[in-house]
Amino acid sequence: ASRFADVKLGPPIEVFAVNKACVDDPHPDKVNLTIGAYRTDEGKPWVLPVVRKTERQMAADETLNHEYLPVLGLEAFSSAATSMLLGPDHPAIAEGRAFGVQTLSGTGALRVGAEFLSRQLKYSTFYMSNPSWENHRLVFFNAGFTEFREYRYWDAANRTIDFSGLIEDLKAAPENSVIILHACAHNPTGCDPTHEQWEKIADVIKEKKLFPFFDSAYQGFASGDLDKDAWAVRCFVSRGFELVCAQSFAKNFGLYNERVGNLTMVLKDKQFVPQVKSQVTLIVRGMYSNPPNHGGRIVSTVLNNPQLFEEWKECIRTMANRILSMRSGLKQRLQALGTPGTWDHITTQIGMFSYTGLTPRQVEHLVNHYHVYLLKSGRINMCGVTSHNIDYLAKAIHETVLL
Ligand code: PMP
């Protein structure tokens with residue numbers, strides 16, 4: 001008998017399963033609104049021009065080689081990533097109590113950060129928003145956390161944040177719970193707290209002795225402005241919190257498959273930094289030993305060169321603006337068609353995703369009758385909307401809602 005005979009079939013990962021169904025669908029009008037990746041108005045993946053240019057320079061540079069990176073990655077990359085998050089002049093950086101660790105994209109940063117909190121700080125309970133990016137749960141359990149809870153986030157009736165529910169749930173959280181917070185462009189709802197609401201969240205986290213774990217997967221993508229999108233993290237750091245933040249460069253650099261990420265850690269005092277770094281080193285050493293070079297070097301080259309940095313910011317604005325124009329285009333069309341319901345949330349929500357409010361039955365109908373693929377929750381990736389399919393999509397949603 002096979003040793004593997006008793007292995008149970010695991011559940012499929014929804015987003016990949018729905019994407020595959022779309023890719024396999026031969027229908028000429030199909031619309032793929034599943035995976036969170038940017039598409040051009042032609043529906044194609046986009047290699048940022050500044051990335052291509054940097055890759056060409058790297059390919060021609062005979063001084064580069066394929067030696068291992070250090071366990072914590074390229075120092076020039078991680079310090080630039082931390083500066084991008086906190087702002088280059090942030091006192092926490094000058095005081096030597098904030099630092100970065102290069103990781104395997106945002107997911108790897110979440111995992112290394114969670115494993116550190118679980119092993120070294122002995123935290124065992126984590127909270128995520130309901131709903132949240134589904135993978136948070138798996139990553140935190142695999143990192144050693146044992147208690148999972150949710151805080152309310154989405155007010156379905158008003159298609160906005162259930163802020164009083166959120167505060168109530170955080171107030172009821174046991175001390176030392178780790179609270180996962182989306183730094184900007186909340187996935188999947190596209191709804192972020194206001195500045196005032198962030199201040200209140202910070203008050204409760206402080207009062208209840210909770211630990212903030214930020215997840216920053218969309219800096220620059222939400223508003224087109226790196227500083228605006230880092231506001232919440234900077235607010236917490238300025239208020240004196242110790243925290244960690246997982247940063248992904250998948251979306252804002254279009255480097256999805258290069259796995260470029262950074263874990264920023266902010267401590268109260270720099271005297272603890274060497275010990276903390278040594279323990280993170282052991283975690284990484286025992287997990288994957290050291291990170292890959294290619295993507296980290298691209299990002300580091302761009303962030304550390306003022307001219308390339310400006311070119312990159314232009315690329316981010318291009319992506320953010322295309323999404324914004326698709327948002328207003330879709331809303332206008334639904335309103336012009338007189339589609340029942342209110343559609344203002346399509347333009348008030350930000351980032352890649354819109355939580356449409358479509359029900360699971362409506363989603364099924366869109367997939368089966370119109371070949372429009374989206375998640376059961378009604379989440380759509382706005383980047384899948386183009387000037388070629390926007391009329392078709394609006395009409396499909398309209399007819400589906402009318403049923
Ligand atoms: N957090 C959130 C909220 C995300 O949406 C994503 C990407 N889907 C990630 C983290 C991590 O992505 P990656 O590992 O590709 O950087």
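Biologist: Is Phe249 buried or exposed, and what makes you say so?

Modeller: Keep in mind that this is a predicted model. The relative accessible area of Phe249 is 0%, and buried means under 20%, so Phe249 counts as buried.

Biologist: And what about Phe77, buried or exposed?

Modeller: Phe77 is buried, because its relative accessible area is 0% and the cut-off is 20%.

Biologist: How many aromatic pairs are there?

Modeller: The count comes to 21 aromatic pairs. The rings of Phe77 and Phe249 make one of them: the centres are 5.5 Å apart, within the 6.5 Å limit.

Biologist: Why is the pair of Phe77 and Phe249 called edge-to-face?

Modeller: Their planes stand at 65 degrees, and over 60 counts as edge-to-face, so that's the label. The pair also links distant parts of the chain, 172 residues apart. Phe77 is in helix α3 (residues 75-86), while Phe249 is in the loop between β9 (243-248) and β10 (260-266).

Biologist: Which residues do ring pairs link into a cluster?

Modeller: Phe126, Phe140, Phe141, Phe145, Phe148 and Phe213 are joined that way.

Biologist: How does the lining of the largest cavity divide by class?

Modeller: Nine residues are nonpolar, two are polar and one is charged. Asp192 is in the lining, and Asp counts as charged.

Biologist: How much space lies in the largest pocket?

Modeller: About 1200 Å³. The largest pocket is lined by 44 residues, and the closest to its centre are Ile13, Val15, Trp133, Glu134 and Asn135. Elements that each supply at least two lining residues include α1 (14-24), α5 (105-119) and β11 (353-355). By class, the pocket lining has 22 nonpolar, 13 polar and nine charged residues.

Biologist: Which residues of helix α15 (residues 360-370) are buried?

Modeller: They are Gln362, Val363, His365, Leu366, Val367 and Tyr370. The cover over the buried residues of α15 includes β12 (372-373) and α16 (390-402). Just after α15, His371 takes a positive phi of about 60 degrees.

Biologist: Where do cis peptide bonds turn up?

Modeller: One runs from Asn130 to Pro131, with omega near 5 degrees, and Pro131 is in the loop between β3 and α6. Another joins Asn187 and Pro188, with omega about 15 degrees; Pro188 is in the loop between β7 and α8. For context, most peptide bonds are trans.

Biologist: What is the phi of Lys122, and is Lys122 exposed or buried?

Modeller: Phi of Lys122 is near 60 degrees, a positive value in a residue other than glycine. Lys122 lies in the loop between α5 and β3. Its relative accessibility is 64% and exposed means over 50%, so Lys122 counts as exposed.

Biologist: Why is Asn176 called partly exposed?

Modeller: The relative accessible area of Asn176 is 36%, which falls between the 20% and 50% cut-offs, so partly exposed is the label. Asn176 has a positive phi too, near 70 degrees, and its place is in the loop between α7 and β7.

Methods: Residues numbered from 1 in each chain as written. Predicted model: local features only at pLDDT ≥ 70, side-chain atom pairs only at ≥ 80, totals over all residues. Heavy atoms only, no water. 1 Å grid on protein atoms, 1.4 Å probe; cavity = no way out; pocket = protein on both sides within 12 Å on 5 of 7 lines; lining within 4 Å. Phe/Tyr/Trp six-rings, centres within 6.5 Å; stacked < 30°, edge-to-face > 60°. Helix = DSSP H or I, 4+ residues; strand = E, 2+ residues; numbered from the N terminus. Buried < 20%, exposed > 50% of the residue type's maximum accessible area, 1.4 Å probe, protein only. Contact = heavy atoms within 4.5 Å. Points joined across faces, edges and corners; volume = space filled by probe spheres on them.
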